[in-house]
Amino acid sequence: MYLDTFKLKELPFRLSPDPQFLYLSKAHARAKAYMESTVWFTDGFVVITGEIGSGKTTLIETFLSELEKDVVVAQINQTQVSALEFIQSLLVQFGFTPFRMKKIELLATLNQFLIEQYAAHRKVLVIVDEAQNLSMRVLEEVRLLSGVETTKEKVLQIILVGQPELNDKLDSPELIQLAQRVRLRFHLTPLSAEDMQAYIRHRLEIAGSQGREIFAPECFELLYRYTGGVPRLINTLCDTAMLSAFNVDADTVSTADVEAAIAELQWSDFATRMAARVRAAAAAPRRSDELPELEQSEPSSGQPLARLLIATGGRPVAERNLHPGRLLIGRTSGNDLKIDGHFISRHHCQILTTERLCVLEDLNSTNGVFIKSKRIRRHNLNDGDVVTVGDHELIYVDERTTRGTGNQTHIEDTDSHPILKDHGETEIIDDPEESDERASETGPVRAATEQP
């Protein structure tokens, strides 16, 4: 392999959940603290969710490696089981052979075991990975198991770890009693661009780089664009890029090596992949009792010219039709589309729609508007564009394209629409810290913009 070429002692980007390689971003550190609090406070469940490849299993392994000896642990990884099989799995983890027992015997054995451990001043912890696969019946059984308690504390502590679908199950009416027992719930988000750089350097340092810069600085923007900050995807792309460099006898990774790796993996950029996923999820049937996360003004009547799919964490949460006029987006109720979030300004951005084009404009927001990791002031939207606003993605779908008229974004169209005149097609802010000093030509909304 490439270890000798890069002077490393072990592979830095293996996909196995090795605790020594864990990079504690702020989100991962907080999730780990919540898991530790389960042992300290001994009251109720802790639920940790995260997208595929976000580092949940590595976090579990690190947490387990640091537990005190007075904690007895059962770790359940196979979750596509019946309620009876789940209890049997627990008892196997605790050293029993329960396969010929009836359910009443299983519960009596488990209850007696918990009482004995409590009398011996030992804590019992159950960690369930891939908990989104647990059926409603098994989750209800888990709730009943947690009922073994003294007057002051729970005897059995439980941590549920899984993909975001776990939250959907916990929020269902059938599991309201379980949801009420959840003391802490935390979602692991992907790494930021800065955390991704630190993550890569951390893993290389653990592998023996001794501070050497193996990846050229200009590689990181490309790596982030194609991985979205998801640790497993970072590992895959970095490892493949290092192999590409090794194949040409280079001891550093260049952008050409990263591009070769992307071509080999046949990846499109992360935003495009997420947009496809959101579209597929939006097309899937949704529960009749599912409520939108975002507040929206009353939609206009008539056939829409375009649509916005609003998503967060790769999951669609709302949809908005675009008709001729202005759509104001921000965190306060006075907006046409309200998005709650710490990174959303009161009036964050707007979309100006005409019969022939839609223009996105940043309204001097504090945290900006991004397309393909580039902060923009104004942009003529094209079908499939993914706009990042805080923790949300706005996926633009041009209905005119699907009707065969084409997404024609000719600037001469602005002559008949003064509100769009002189905007240009795209204006990118090269320096994210640069302030927008030019006054708006789009009316009083821009002038009245307030920052968080």
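This is a predicted model: local features need pLDDT of at least 70, side-chain atom pairs count only at pLDDT 80 or more; totals for chains, interfaces and linings use all residues.
## Overall composition

The chain has 452 residues, of which 48% are buried. Its secondary structure consists of 15 helices and 17 strands. Among contacts with a separation of 6 or more, 66% join residues 24 or more positions apart.

The accessible surface of the chain amounts to about 22,000 Å², and carbon and sulfur atoms contribute 50% of that area.

Tyr199 belongs to helix H9, which covers residues 193-206. Its relative accessible area is 6%, so Tyr199 is buried, the cut-off being under 20%. Leaving aside residues up to four places away in sequence, Tyr199 touches Tyr23, Leu191, Pro231, Ile234 and Asn235.

Glu51 is found in the loop between strand S1 (45-50) and helix H3 (56-65). Glu51 also counts as buried, at 11% relative accessibility. Beyond residues up to four places away in sequence, Glu51 has contacts that include Lys56, Pro164, His187, Arg277 and Arg315.

## Packing of helices H4 and H5

Helix H4 (residues 83-93) packs against helix H5 (residues 103-119) at an angle of about 35 degrees, and the axes lie 10 Å apart. The crossing of H4 and H5 is left-handed. On the H4 side, the contact is made by Leu84, Ile87, Gln88, Leu90 and Leu91; on the H5 side, by Lys103, Leu106, Leu107, Thr109 and Leu110. These comprise 7 nonpolar, 2 polar and 1 charged residues.

## Salt bridges

The structure contains 14 salt bridges. One of them pairs Glu140 with Arg143, with an N to O distance of 2.5 Å. Both residues lie in helix H6 (residues 136-145), and because they are 3 residues apart, about one helical turn separates them. Glu140 is partly exposed at 23% relative accessible area, whereas Arg143 is buried at 8%.

Other salt bridges link strands. Glu319 and Arg307 form a salt bridge in which the closest N and O atoms are 2.9 Å apart. Glu319 is in strand S8 (residues 315-322) and Arg307 in strand S7 (residues 306-312), so the pair ties together parts 12 residues apart in sequence. Arg378 and Glu361 meet at 3.1 Å, N to O. Arg378 lies in strand S14 (residues 374-380) and Glu361 in strand S12 (residues 358-362), so this pair ties together parts 17 residues apart in sequence. Both Arg378 and Glu361 are buried.

Definitions and conventions:
Residues are numbered from 1 along each chain as its sequence is written. Side-chain values use heavy atoms; hydrogens and water are left out. Helices (H or I, at least four residues) and strands (E, at least two) are DSSP runs, numbered from the N terminus. Buried means under 20% relative accessible area, exposed over 50%, partly exposed in between (1.4 Å probe, protein chains only). Contact means heavy atoms within 4.5 Å. Accessible areas come from the Shrake-Rupley method with a 1.4 Å probe; for residues, only the protein chains shown count as cover. Axes are lines fitted to C-alpha atoms, for helices over the stretch in contact, and angles run from 0 to 180 degrees between N-to-C directions. A crossing is left-handed if the near helix is turned anticlockwise from the far one by less than a right angle, and right-handed if clockwise. Ala, Val, Leu, Ile, Met, Phe, Trp, Tyr, Cys and Pro count as nonpolar, Asp, Glu, Lys and Arg as charged, and the others, Gly among them, as polar. A salt bridge is a side-chain nitrogen of Lys or Arg within 4 Å of a carboxyl oxygen of Asp or Glu.
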